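Subject: Structure handover

Hello,

Here is the structure for your files. Please open it first, then read my notes below.

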Amino acid sequence: MPHLAHSHAVAGMIHRLNQPDYDRWANQIKRTGGCRQPIHLRGKVEHYDQATGHLLHRYSTTQEPNGVLRVPCKTRRVTRCPACAEVYRADTYQLVRAGLIGGKGVPETVSSHPCLFVTLTAPSFGAVHVRREKTGRVLPCHARRDAQTCPHGQVMSCTERHSADDPRLGEPLCPDCYDYDGSVLFNAISPELWRRFTLALRRRFARLNGLTVKALREHVTIAFAKVAEYQRRGVVHFHAVIRLDGPDGPNSPPPAWATADALEQAVQHAAAAVTAEVKPLNRTFQWGTQLDVRRITMNGDLTEQAVAAYIAKYATKAAECVGTLDRRIQPLDNLDALPIRDHARRLIAACMRLGEHPGLADLRLTHWAHMLGFRGHFSTKSRHYSTTLGALRAAREEHMRTEQVTTGRLPLFDEDTVLVVAHWQYAGQGLSLGDAILAAAIEGGYR
Ligand SMILES: [Zn+2]
Ligand SMILES: [Zn+2]
Ligand SMILES: [Zn+2]
């Protein structure tokens, strides 16, 4: 079989290299920036003079290799496409960084606004194998002198000093005792818990300063950017940058009484106070007790660079780092046969089972089983935090458009007087084996 695949790939490469439009194809591939699974678009773009209705220019993919234009997939998931995930990561870094020190349309004065780096964790759903370090030494996992034996005969103790790559890390001491339902329900409800946290934070911060929420808005905006990260045990936690601005967002300074101290107090209070219910099951969830709040300063322990890099790193990580699948679970999938660890399998099974519950339909647990119940966005920010990923993408697309104009693919027209009519159709995705090898060579600069 490997031989067959090999000769098939070689035949594909030779076929591609012999095409008269090979250079054009190679050019398309170059422009996708090394995308592993480019999207194929079939269609046309027409430019009309708005006054006369005359067709000025038509671009159609019929002239392109295989009649399609290949564009980057733009995924943020590194397991699917490292090149596009890297673009996403770099954009996220720029976005978070602009919110901390300015740039990309955000004034530099934003760096003087009080700013915190906050980590909100999930509560415990049962004891799991962990690696803890103290002053450079690895501590025993769960050393208990008089450890209980659980109803399944498992002694709830583990004295091992786990190595960093021990596959048991994050897995329960007793899977039969572990609250799998709680774990996936927490993931499912966590976006709502976050939303309530932001509301409670505003309320508390207003109160600390003797104001109503409405009155606070006239003086202070609380801006944030956050990312979700999967812990080894398969629950999400959130890292957030929380910043105080004046009433007009990053362009206006907060009043002197709006201090980092007061913000920190409000974060502590809000994190401990908020809950979210899953009413049909009569369950209530709140954040774990491990709350980490740190000041971000230009020259302190936690610099803006470190925070931006940290947030960007997690923006491209999804649940696959826990050992689940990076695709949707299909109804006909045999869970027992999936190539995943037992812990992930049990989490997915809990999603599939709870997904059948009519009262939980809006959590869409079956749909998000491969994400272990989490259906939120990996990185989000409030309206005023900084620039947007969309703006960064638009800037890059503008650059690509300029390149298309200079390479003769698009005519240079005045945008105000020209009507652009575009018809695009999805025509597939990915590269054949032979094409993928050629694409890798192009990216590597061999041609
Ligand atoms: Zn891609
Ligand atoms: Zn252990
Ligand atoms: Zn047990």
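The four donor atoms around the zinc ion (ligand 2) subtend angles of 105 to 114°, so the arrangement is tetrahedral. For reference, the ideal angle for four tetrahedral donors is 109.5 degrees.

Some ground rules. This is a predicted model, in which local features need pLDDT of at least 70, side-chain atom pairs count only at pLDDT 80 or more, and totals for chains, interfaces and linings use all residues. Residues are numbered from 1 along each chain as its sequence is written, chains are lettered from A and ligands numbered from 1 in the order in which they are written, and side-chain values use heavy atoms, with hydrogens and water left out.

**Zinc sites**

Back to ligand 2. Its protein donors are His 129 (ND1), Cys 141 (SG), Cys 158 (SG) and His 162 (NE2), lying 2.0 to 2.3 Å from the zinc ion. A donor here is an N, O or S atom within 2.8 Å of the metal (3.2 Å for Na, K and Ca); water is not among the atoms, so sites may look incomplete. Along the sequence, the donor residues of ligand 2 are spaced H-x11-C-x16-C-x3-H. Cys 158 and His 162 are both buried. Buried means under 20% relative accessible area, exposed over 50%, and partly exposed in between (1.4 Å probe, protein chains only).

The zinc ion (ligand 3) is held by Cys 150 (SG), His 152 (ND1), Cys 174 (SG) and Cys 177 (SG), at 2.0 to 2.3 Å. The donor atoms of ligand 3 subtend angles of 103 to 117°, so this site is tetrahedral. The spacing for ligand 3 reads C-x1-H-x21-C-x2-C. Are its cysteines Cys 174 and Cys 177 buried or partly exposed? Cys 174 counts as buried because its relative accessibility is 5%. Cys 177 has 36%, so it counts as partly exposed.

The zinc ion (ligand 1) has four cysteine donors: Cys 35 (SG), Cys 73 (SG), Cys 81 (SG) and Cys 84 (SG), lying 2.2 to 2.3 Å from the ion. The site of ligand 1 is tetrahedral, with angles of 106 to 114°. Its donors follow the spacing C-x37-C-x7-C-x2-C. Cys 81 and Cys 84 are buried.

**Core and cavity**

The largest nonpolar core has 64 residues. Such a core is a set of buried Ala, Val, Leu, Ile, Met, Phe, Trp, Tyr and Cys residues joined through side-chain atoms within 4.5 Å. Phe 197, Leu 201, Phe 205, Ile 242 and Trp 287 touch the most other members. Elements that each supply at least two residues of this core include helix H4 (180–208), strand E7 (221–230) and strand E8 (236–245). H4 gives the largest share, 13 residues. Helices (H or I, at least four residues) and strands (E, at least two) are DSSP runs, numbered from the N terminus.

How many cavities of 30 Å³ or more are there? The count comes to one. About 40 Å³ of space lies in the largest cavity. On a 1 Å grid over the protein atoms alone, a cavity is a set of points where a 1.4 Å probe fits but cannot get out; a pocket is an open set with protein on both sides within 12 Å along at least five of seven lines; lining residues have an atom within 4 Å of a point. Grid points are joined across faces, edges and corners, and a volume is the space filled by probe spheres set on the points. Trp 194, Thr 198, Leu 201, Arg 202, Ile 222, Phe 224 and Ile 242 line the largest cavity. H4 supplies the largest share of that lining, four residues.

**Pocket**

The second largest pocket holds about 830 Å³ of space. It is lined by 24 residues, and Val 128, Val 130, Gln 231, Arg 233 and Gln 290 lie nearest its centre.

**Surface spot**

Lys 279 is in the loop between strand E9 (276–278) and strand E10 (283–285). Lys 279 counts as exposed because its relative accessibility is 66%. Its C-alpha atom is separated by 8.9 Å from that of Leu 360, 81 residues apart along the chain.

Best wishes

Definitions and conventions:
Four donors count as tetrahedral if all angles lie between 85 and 135 degrees; four count as square planar and six as octahedral if opposite donors are over 155 degrees apart and all others between 65 and 115; anything else is irregular.
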